[in-house]
Amino acid sequence: MRNETRGTVELTLAMVLSGTLGVFVVESGASPFTVVFFRCLFGALALGLYSLVRGFFTGHGFTPRTFGLAALGGVFIVFNWVFLFEAYEATSISLATVVYHTQPFFLVLLGAVLTRERISGGRLGWLALAFGGLVLVSGVRPGDTASLKGLGLALAAAVLYALATFVTRRITGVRPHLVALVQVLVGLPLLLPFAGFGELGGIGAGWAWLVGLGVIHTGLMYVLMYAAYAKLPTAKIAVLAFTYPAVAMGVDWAVYGHHIGLVQALGVPLIVLASLGVTLSGARTPASGPVRDNPDLSPSDSAPAPASAPAPRTAGHAPEAASPVATPAG
């Protein structure tokens with residue numbers, strides 16, 4: 001199998017797995033804080049074991065500065081998950097997922113505010129298009145407080161993910177698996193005071209869903225994505241990333257009977273198109289995004305984040321960690 005073909009298969013499979021994330025969260029029967037705590041726990045075990053077997057701890061490349069940045073990014077990532085999972089409960093997996101995919105635009109705005117990065121006219125146009133799509137997708141009617149709450153939670157999750165990306169893209173020389181491991185480990189003490197352990201006695205089969213969130217969505221899925229990133233060009237990654245929301249919407253309809261209305265459906269392609277436009281315009285412009293041959297820039301500058309991975313990619317010591325392409329979110 002050709003290298004790029006294998007990468008396409010790996011990333012497509014990872015995005016399909018991402019699309020099932022919401023079902024695992026809902027079916028676990030646990031509160032969002034509890035879900036995220038156990039996702040961090042089982043995810044840390046899965047990533048730690050994989051990294052140990054692959055020998056990634058030898059010459060890990062962390063310095064006090066990069067470790068601190070990874071930990072700070074972990075704070076943002078962990079609470080990003082909490083807000084996203086709260087949004088699932090407040091509205092629907094479909095709506096929360098689509099709104100969550102506005103995170104590339106918040107990353108652009110953060111760059112303008114924090115680093116005085118100039119926003120080109122083209123990117124301003126994409127941002128305006130995305131805002132129009134967001135208005136349509138929200139479908140919020142006066143007095144519809146549940147949908148309004150869900151919209152706000154999904155947007156808060158997107159902002160936190162953008163902050164995590166902004167911080168983590170400054171880490172170089174460390175494998176993405178190890179950065180992800182640090183981030184989920186940070187979640188354990190952070191969420192310990194909020195996790196509802198008293199509710200666990202009645203979740204029964206929910207334990208299988210919680211383990212799946214850690215092993216499948218925070219272990220297997222990240223390994224597939226990080227391996228695929230090194231094999232694929234930025235444009236293909238950006239396009240394949242949208243397999244995630246498509247699958248999430250299909251699964252939400254098939255399992256729970258949720259679907260977005262006609263007016264909301266009109267906003268989906270606007271957000272997708274705008275996100276793709278921002279991503280690819282960044283990839284084509286060295287001043288505002290990475291180029292393929294620069295291993296010191298983050299993937300999150302050049303492709304949208306599918307939901308469910310903790311750490312934007314950082315430069316590493318091997319091909320699987322050296323591609324400047326996007327990392328998942330969620």
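Is Glu10 buried or exposed? I looked this up in what is a predicted model, and I noted that Glu10 is buried, with a relative accessible area of 11%.

Entry on the partners of Glu10. I searched for salt bridges and found that the structure holds 2 of them. In one, Arg6 pairs with Glu10, and the closest N and O atoms are 3.4 Å apart; in the other, Glu10 pairs with Lys231, with the closest N and O atoms at 3.0 Å. I then recorded that this second pair joins distant parts of the chain, since Glu10 sits in helix α1 whereas Lys231 belongs to the loop between α10 (206–229) and α11 (234–240), 221 residues apart. Taken together, Arg6, Glu10 and Lys231 are linked in a network of salt bridges.

Entry on the pair within the helix. I checked the positions of Arg6 and Glu10 and found both in helix α1 (residues 3–19), separated by 4 residues, or about one turn of the helix. I kept in mind that an α-helix has 3.6 residues a turn, so residues three or four places apart point the same way.

Entry on helix α2. I turned to residues 21–28 and noted that this helix is mostly covered, with 6 of its 8 residues buried; these are Leu21, Gly22, Val23, Phe24, Val25 and Ser28. I traced their packing to α1, α3 (32–54), α4 (64–90), α5 (93–100), α10 and α12 (243–256). Last, I looked at what follows α2 and found Gly29, whose phi is positive, near 75°.

Definitions and conventions. Residues numbered from 1 in each chain as written. Predicted model: local features only at pLDDT ≥ 70, side-chain atom pairs only at ≥ 80, totals over all residues. Heavy atoms only, no water. Salt bridge = Lys/Arg side-chain N within 4 Å of Asp/Glu carboxyl O. Helix = DSSP H or I, 4+ residues; strand = E, 2+ residues; numbered from the N terminus. Buried < 20%, exposed > 50% of the residue type's maximum accessible area, 1.4 Å probe, protein only. Contact = heavy atoms within 4.5 Å.
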